[in-house]
Amino acid sequence: MFIFRINMTDLTVTKESVPQEYAAFGGRALTSTIVEKEVPATCNPLGPNNKLVIAPGLLSGTSAPSSGRLSVGSKSPLTGGIKESNAGGTASQKLAKLGIKALIIEGQPLEDKSYIIKVDKEGAIITEDTALVGLGNYEIMKSLSKDFGNHVGVLSIGPAGEAKMATANISVKDPDGNIRSAGRGGLGAVMGSKKVKAILIDDTDAPGVAIANPEAFKEAARILAKGLTEHPVTGQGLPTYGTNVLVNIINEAGALPTRNFRSGRFNKANQISGEAMRDLIIDRKGKPTHGCHNGCVIRCSQVYNDRDGNYLTSGFEYETIWGFGANCCIDKLDDIAKIDWLCDDIGIDTIEIAVTSAIAMEAGVLEFGDGEKLIEIIRDDIGKVTPLGRILGNGADFTGKAFGITRVPTVKGQGMPAYDPRAVKGVGLTYATSTQGADHTAGYSVTANILKVGGYVSPLGKEGNVELSRNLQIATAAVDSTGLCLFIAFCILDNQDAFQAVIDLLNAQYGLSLTADDVTALGKTVLKTERAFNKEAGFTNKHDRLPEFFLEEECPPHNVTWDFTDEEVDEVFNFENEDVKVETPC
Ligand code: SF4
């Protein structure tokens, strides 16, 4: 395997062998290690010294189920800390099949020109582009598929990335030519700052991924696929209702943040639920279940049509539906679907824009519940980069400051996702301490707090939640490094055979004899690397805190506040000074 180093200052590409210090890693472990070693932690995220690192996971490009996730890493313009943003789509598998361990995009063009990068079995080239400038992501996907063929993988940015907004994401083409996103942390702005509008990946005649022990690999893949198919969450809940299965569950638990985190219950939750969404999708001849990449056996994605049966959006996630639904009090799924499409097209993170929209509603820019007005603002202000659009497009913290709003649910500058931390305390600890800013996926304690997967820890008390968040953050950092979708965690937390199968897959591919302890060591190493970068960037324990209104305001219906002491929160990262060693797979 090798690395392409793409220098946007002198417009050159270098093919490098993988240095020993990067060899053990893939996915998030690799992007975070490269960022920590090569990016000055105090640099301006939009300046020439930041780098954008794109890496498939350790198992990507193989037949391991649900293993096509992509990691994109950088210093985040939103948080000012390290960022790994994880996406589906076809890019990860194509990069891995080409033998590419990582693309490292560095420098910045001296002239104000836009470029595309094309990667195939012959190498990587940078070409000046004028045709795509200003286009939205849907148009870009269509245009590049027409010019280069449907089989080509694409990463692109929309107008928000070009305008270097801190909510800008990177779009990744899915198997149908639609869009998945490396959503969080503003990495689209980093790509925009390097004047890269799109990256094409053509894996025609690619050598593919070498497997040291094919028979053992096949058997482990079979066991993991069986476990995923048989588990009630990954085999039934997610394929049937998508991630939006959670609206009714989290609402029932009293933890669905509503009206900018004023309550844990939304009285119109039924109207935007996974159950309501599935009925509409079936009525309108959409696709109720769909994979964001080939080889996903969970297939939590879907295609959502409008009332005339025409495509409206896809990959319509719980976080998006919660954010514009309960949190902005919009009760029409069609309005939220239009907003989802617009966010994908403009290239902005739906979670950050949803949290930001509720702040704008607090400020009186528009009324809570006014879906039509929000569609207009996103399309005509953020999409057309007006001064209001620039404020909103820079995220919740920026918008709060611009309008003098103090109830801003962010940690380290990143908007809080769809679980009230007062009512799901394990997630609250993850929001507070994650290296990524408020991020549910960094340690998804909803598993044991609400879903009773991998045991049960009360969501409202303190007991067991520090350990829960810590263990899940470690496990997640490891899973994010494999290229496996994080949703496999629902199954492997309950099913020992499926858990062992993940380790067996790594061992069979790389000819290793890793144990569960090695996987834990990998997760800890990733987190320590990320913490080290953040420390250099100026973060201390004092940044591992929730906004003060969570300590003071009770969240109905449980009427709970955030009650962890600073010392208790700091216990999450109690392993920071441990010595851990990671085995090298290649
Ligand atoms: S489970 Fe969903 S998010 Fe995960 S890989 Fe499959 S379709 Fe993508």
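How many residues does helix α4 (residues 137-148) have, and how far does α4 reach from its first C-alpha to its last? I looked this up and found 12 residues and a reach of 16 Å, close to the 16 Å expected at 1.5 Å a residue, where the expected span is 1.5 Å times one less than the number of residues. Helices here are DSSP runs (H or I, at least four residues), as strands are (E, at least two), and both are numbered from the N terminus.

Before going on, I noted that this is a predicted model, in which local features need pLDDT of at least 70 and side-chain atom pairs count only at pLDDT 80 or more, while totals for chains, interfaces and linings use all residues. Residues are numbered from 1 along each chain as its sequence is written, and side-chain values use heavy atoms, with hydrogens and water left out.

Next I checked burial, where buried means under 20% relative accessible area, exposed over 50% and partly exposed in between (1.4 Å probe, protein chains only). In α4, I found Asn137, Tyr138, Ile140, Met141, Leu144 and Ser145 buried. They cover an arc of only 160 degrees around the axis, so they lie on the same side of α4; the arc is that of the directions from the helix axis to the C-beta atoms. On the face turned away from this buried side I saw the exposed residues Lys142, Lys146 and Asp147.

I then looked at Lys94, which is found in helix α3 (residues 91-97) and is buried, with a relative accessible area of 12%. Leaving aside neighbours within four places in sequence, Lys94 is in contact (heavy atoms within 4.5 Å) with His151, Val152, Gly153, Ile201 and Asp203.
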